[in-house]
Amino acid sequence: MEGIKDKVAIVGMGCTKFGERWDKGVEDLIVEAAYEAFEDAGIEPKDIQAAWIGTVFSGLSAITLSPLQLQYIPMTRVENMCATGSEALRAASYAVAAGVCDVALAVGVEKLKDSGQTGVKGPSIVGDNQEASSGIGPSYSAPASFAYLATRYFHDYNLAPEEGKRLLARIAVKNHHNGSLNPKAHFQNEITVEQVMNAPIIAWPLGLFDCCGVSDGAAVAVVTRADMAKNFRNDPIYIKALQVNVGARQGAMMPDYDFVHIEENVLGSRKAYAEAGIKEPRQEISIAEVHDCFSIHEMIVYEDLGFSPRGRAKEDIEAGTFTLEGELPVNTDGGLKCFGHPLGASGLRMMYEVYKQLQGKAGPRQVKNPRLGLTHNLGGNAGTGVCSCFIVGNEK
Amino acid sequence: MVGITSIGAYIPVYRLNRDEIARMWAGRSVGGAKAVAGYDEDTVTMAVAATLDCLVGGGAKADGLSLATTTAPYKEKQSAAIIASAVDLDKECHTADFTDSLRASTIAVKSAVDAVKSGSAGNVLVTASDCRPGAARGTLEQVLGDGAASLMIGSEKVIAEVEGIYSVFNDFTDLWRAEDDAYIRSTEQRFIDEVGYMPTMQETITGLMDKHKLKSGDFSKIVYYAADTRQHAGLARRMKFDKEQLQEPLYDKIGNAGTAAALLMLIVALEEAKPGDRILFASYGDGSDAFIFRVTEDISRIQKRPILADKLEGKIAIGYGQYLTWKNLVQMEASTLPERPALSLPSRWRERRVISALYGVKCKKCGTPQISQIGQTARVCVNCQAKDEFEDYRFSDKKGKLFSYTIDQLQPTQNPPGVNGVIDFDGGGRMICELTDCEVEKVEVGMAVEMTFRKMFRSRGINNYFWKAKPVTE
């Protein structure tokens, strides 16, 4: 099996400001992000030969892309829960790698704030068909489905609730700090550990600041063949690995699953490391954008992705390993927590940050001499999920 | 010999103290507490619990299941069939709803006795369940309570033989609830007592004793329905029953549970009965049915575990606000959280085995019990991937342990916060589900749980019944 490594490059990206974009519709968000990407790549819309759009709720079919007025080219909508934006990029990259087109577009968009409702709708059981639901799933919220991880993590590692929550709070504080340096982030305010600790409980043990933002936004990538990349720009970003790893509800149905790790994350990242030729992820990866939908998940991801030894994320959190100045900065743009989480856009938003960092264009958030960056999504939740784990680099 | 072969009962864990009601309305409390069905309980779910309790003790195959109630969740659609499915009875079981009268439970008992005597059925379950609506600030609001009782009527291993039955009907309008009435109406109490209840009960009980040439002194226990303790004591005085013989009506601890009330008293009497005891039992409602039960040696069989004795005291006291919410007596602020999609009836039908009796499957190749909660009845084993190599495996009767949990403040529930857990069943299998009847501060990893049939939510007028976990009641 050859893999995708160094066959495809990203030569242009765009990302809207995320947030409550009351005055902007899906079409505005798509146009805003796409035209930034076109300009970044130095291309015209007519140069796009095929396009993929990822959205979970904000439109059926690729006709959702009609605001771009692309003229009669192959276009497809993809959906894979929180990995939806990443799936659009994977599809576009595979098409280029297959040689069926030279320039492809990947769009991710979500307009969550048009629902008039608080929070995000979804099936009560991951994998259920909402339109044909027998209605027997528990009616708990998304935070609750991740809170199981925190309850069990605290239990297994003997963390008193106060102690565990304080640890998670440091993740939120870190991501808010990073978000405060990012003009495109939904939330741009610094917070303190005490604020996190005193915030209302949402789903015990998770409180308000353990949960990510519900936002509108879009992000777009232009991909081309690696050997053509320099025709577009001097600093293309090369794709090293595109792995998607999907569970089959094993954890939700089998008592041997421990609720302190996520198997999809572990296996997905290992496949990505193999595809990219990475042996020591903690040493080799310069920056990671991971799925911090809830603080506990970012903590578990440190371990699942091999950044921290199993059960020892605590030490790294306390040592500041994942801060902007740390050994392996994570969620430098504020993450889902502060940048926001428009489901279909998130994967490409993460790639936007990694892309800018690897090009040295991340402004006050710029990490030193990055070489390899990772993006990671987990759709679904503990028990069953859709994991995407992508790796890109600024050298071929 | 035809009679009762097993008994079962269910009383919700929640109690509303009558002082709390009196405080709300700045009125007078009659003292004690009333049992209140949880926000996710109704006549059907309580009946399922009582019937399962009866089957634990009995073990015989039921040929019939009759539900007696004045508060069926549907005006058109049988409740007994829902209950029979949930307790996993055979297809041939004859199901019936007996409704519209407080006497429905004893009418059903008499029919069951007749069916067994005639040979048309071997064993018939009679379950009475009620959660009657008393309007705010009224007498009935304090008096009425929620609960269910279940008897198995059969001819083998009888614990209390039916020695005689005597009935009268009486078209007397004392309590009524018409199609357009949300709450029970009643006429003047003095009129009810003097013209309705007292003479009817006297006529029936006297008629029964005359027919069988017995005197009240021949009974070790006298069990009869009354609207409240005052009326109960009034009849005892009128009939000159000895205090020692009277079965206390339980209204102080649980309230008047409608069609189930008299059966619950009978259950307490049986829990304490000795072989050879004669029990006089009479119901009331549009007339009266009176029975003579003779307790047999087999009574010891059902006295090995508490049936109702351990359920009389409530576990969780609720406030009047919770009561208003659960009984839908006030309109709550509409949620701004996303709504659940409407139920798919075809999907519910395909999943009926999972929904009704919580059936999963067990892999014949690797032996893994498993339950899939989404519209995908297992075809391929989650453990060994063998295809279509399953046998049915029932989870509703399995206990389990709480592997992890969360207390959800966002969950749409009439009893916030929502409690949810990952349940690992003893013997294998895992399910992520809602928990109910919890004292939130006592929920912890490792807690022992059992399954209970509850109402998840209503969708387009359909009660979405399914199973939740609850702490094991010790």
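Author: Across the interface of chain A and chain B, the rule finds zero salt bridges, a salt bridge being a side-chain nitrogen of Lys or Arg within 4 Å of a carboxyl oxygen of Asp or Glu. This is a predicted model, in which local features need pLDDT of at least 70 and side-chain atom pairs count only at pLDDT 80 or more, while totals for chains, interfaces and linings use all residues. Residues are numbered from 1 along each chain as its sequence is written, chains are lettered from A and ligands numbered from 1 in the order in which they are written, and side-chain values use heavy atoms, with hydrogens and water left out.

The rule does find 19 residue pairs in polar contact across this interface, both residues being at pLDDT 80 or more; a polar contact is a pair of N or O atoms within 3.5 Å, where within protein one must be able to donate a hydrogen and the other to accept it, and residues adjacent in sequence count only if both atoms are side-chain atoms. The elements of chain A that give two or more residues to the side touching chain B are α3 (142-156), β5 (201-204) and α7 (250-253), where helices (H or I, at least four residues) and strands (E, at least two) are DSSP runs numbered from the N terminus. Of these, α3(A) gives the most, with seven residues. By residue type, the side of chain A that touches chain B divides into 22 nonpolar, 16 polar and five charged residues; here Ala, Val, Leu, Ile, Met, Phe, Trp, Tyr, Cys and Pro count as nonpolar, Asp, Glu, Lys and Arg as charged, and the others, Gly among them, as polar.

The size of an interface is often given as the accessible area lost when the parts come together. Chain A and chain B bury about 3,800 Å² between them, 59% of it on carbon and sulfur atoms, buried area being the accessible area (1.4 Å probe) that two parts lose on being put together, summed over both. The contact, which means heavy atoms within 4.5 Å, takes 43 residues from chain A and 49 residues from chain B.

A strand of each chain takes part in a pairing, for β5(A) is joined by two bridges to strand β18 (residues 400-408) of chain B, and the strands run antiparallel; two strands pair if DSSP finds at least two bridges between them. In this arrangement A:A203 stands opposite B:D408 in β18(B).

In chain B, B:D181 forms a salt bridge with B:R185, the closest N and O atoms being 2.9 Å apart. B:D181 counts as buried because its relative accessible area is 13%, whereas B:R185, at 43%, is partly exposed.

Definitions and conventions:
Buried < 20%, exposed > 50% of the residue type's maximum accessible area, 1.4 Å probe, protein only.
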